[in-house]
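The sequence and the structure come first.

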Amino acid sequence: ELYDYFDVISHPMDLTTIRKKLDNGEYTSIAGFEEHVMLMLNNAMEYNGEDSDVYEVALQMIDEFKAAMVDVRARADEELKQYKLRPAGCPICFGDKLLFEANAYFCQGSSCNGQRIRRQGWYWSYGDDHKWCTTCYQTELSDREPIRIMDTANGVETGEIFIRKQDLEKRKNDEENEESWVECDGCDRWVHQICALFNSKLDQGSKAYLCPRCALERRQEKEVAEAAAAAAAAAA
């Protein structure tokens, strides 16, 4: 047992911990992974001393690791470059569809005690405000007796009405709520509205819309041009 290890090493690191972090996706960058590997090898050198075989092995491993990481970074940069060039992806987050949490639907029947309608499950609906799960549809609703419900308009109750079982529409709870896209007039690419900080009330209209990347490029070009003009004026 290395009884004095923690007296010498203040920030321990080992391969098992690194492996777990890799498997759990805890590393958000190559630099984070590289930092932990180097920490582990430097700890081995510091604890065992320059005269030990462990020191020499760790020193050799550092050289090999640094050489390997050059290739890893080059491949990662190329993959990222190709990923950014995809015509279907958002040029800001580089992702495809952004999906929000699905809406929660609840049955208004009594047989299931108003339980939540499960995802990918079938249900019967009258408009968007009245829903019955399969169990309640089959056991509670009659083909002969009318169904009494409270009609709504824009979420406001407007009065009591009667409908028939045949009026209900069979639906599947598989809807997806996707973030909207907006086209940039600068790069002609489509970006997620949330990524582009697009405000439909302020940004929509006759004026051209620029995504944050294009807006930054235009601003930098303007600053360079103004600086060049000021330098030319001062030299004249």
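Helices (H or I, at least four residues) and strands (E, at least two) are DSSP runs, numbered from the N terminus. The model is a predicted one, in which local features need pLDDT of at least 70, side-chain atom pairs count only at pLDDT 80 or more, and totals for chains, interfaces and linings use all residues. Residue numbers start from 1 along each chain as its sequence is written, and side-chain values use heavy atoms, with hydrogens and water left out.

**The loop between β9 and α6**

F198 sits in the loop between β9 and α6. For accessibility, buried means under 20% relative accessible area, exposed over 50%, and partly exposed in between (1.4 Å probe, protein chains only). F198 counts as buried because its relative accessibility is 13%, and L197 counts as exposed because its value is 70%. L197 also has a positive phi, near 55°, although this residue is not a glycine. The C-alpha atoms of F198 and S180 are 10.0 Å apart in space, with the two residues 18 apart in sequence.

D188 belongs to the loop between β8 (181-183) and β9. With a relative accessible area of 54%, D188 is exposed. From D188 to C211 the C-alpha distance is 9.7 Å, across 23 residues of sequence.

Another non-glycine residue with a positive phi is Q120, at about 70°. Q120 is part of the loop between β1 (99-100) and β2, and at 42% relative accessibility Q120 counts as partly exposed.

Helix α3 covers residues 30-48, 19 residues in total. The expected span of a helix is 1.5 Å times one less than its number of residues. Buried residues of α3 are E34, H36, V37, M38, M40, L41, N43 and M45. Just after the helix, G49 takes a positive phi of about 85°.

How do the axes of α2 and α3 cross? Axes are lines fitted to C-alpha atoms, for helices over the stretch in contact, and angles run from 0 to 180 degrees between N-to-C directions. The axes of α2 (residues 15-23) and α3 come within 10 Å and cross at roughly 170°. Angles under 35 degrees count as roughly parallel, over 145 as roughly antiparallel, 65 to 115 as roughly perpendicular and the rest as oblique. The pair α2 and α3 is therefore roughly antiparallel. On the α2 side the contact (heavy atoms within 4.5 Å) is made by L15, I18, K21 and L22, and on the α3 side by F33, H36, V37 and M40.

F33 lies in α3 and is partly exposed, with a relative accessible area of 21%. Leaving aside residues up to four places away in sequence, F33 touches I18, L22, Y27, F65 and M69. F33 and M150 are 117 residues apart along the chain, and their C-alpha atoms are separated by 59 Å.

**Salt bridges**

A salt bridge is a side-chain nitrogen of Lys or Arg within 4 Å of a carboxyl oxygen of Asp or Glu. By this rule there are eleven salt bridges. The table gives some of them.

| Pair | N to O distance |
|---|---|
| K21 and E26 | 3.3 Å |
| R75 and D71 | 3.0 Å |
| D128 and R171 | 3.2 Å |

E26 is partly exposed, at a relative accessible area of 44%. R75 and D71 are four residues apart in helix α4 (residues 53-84), and are therefore separated by about one helical turn. An α-helix has 3.6 residues a turn, so residues three or four places apart point the same way. R75 counts as partly exposed at 45% relative accessibility, as does D71 at 42%.

The side chains of D128 and R171 meet in a salt bridge. This pair links distant parts of the chain, 43 residues apart: D128 is in the loop between β2 (122-126) and β3 (130-133), and R171 is in strand β6 (residues 169-172). D128 counts as exposed, at 56% relative accessibility. Salt bridges that share partners join D128, E169 and R171 into one network.
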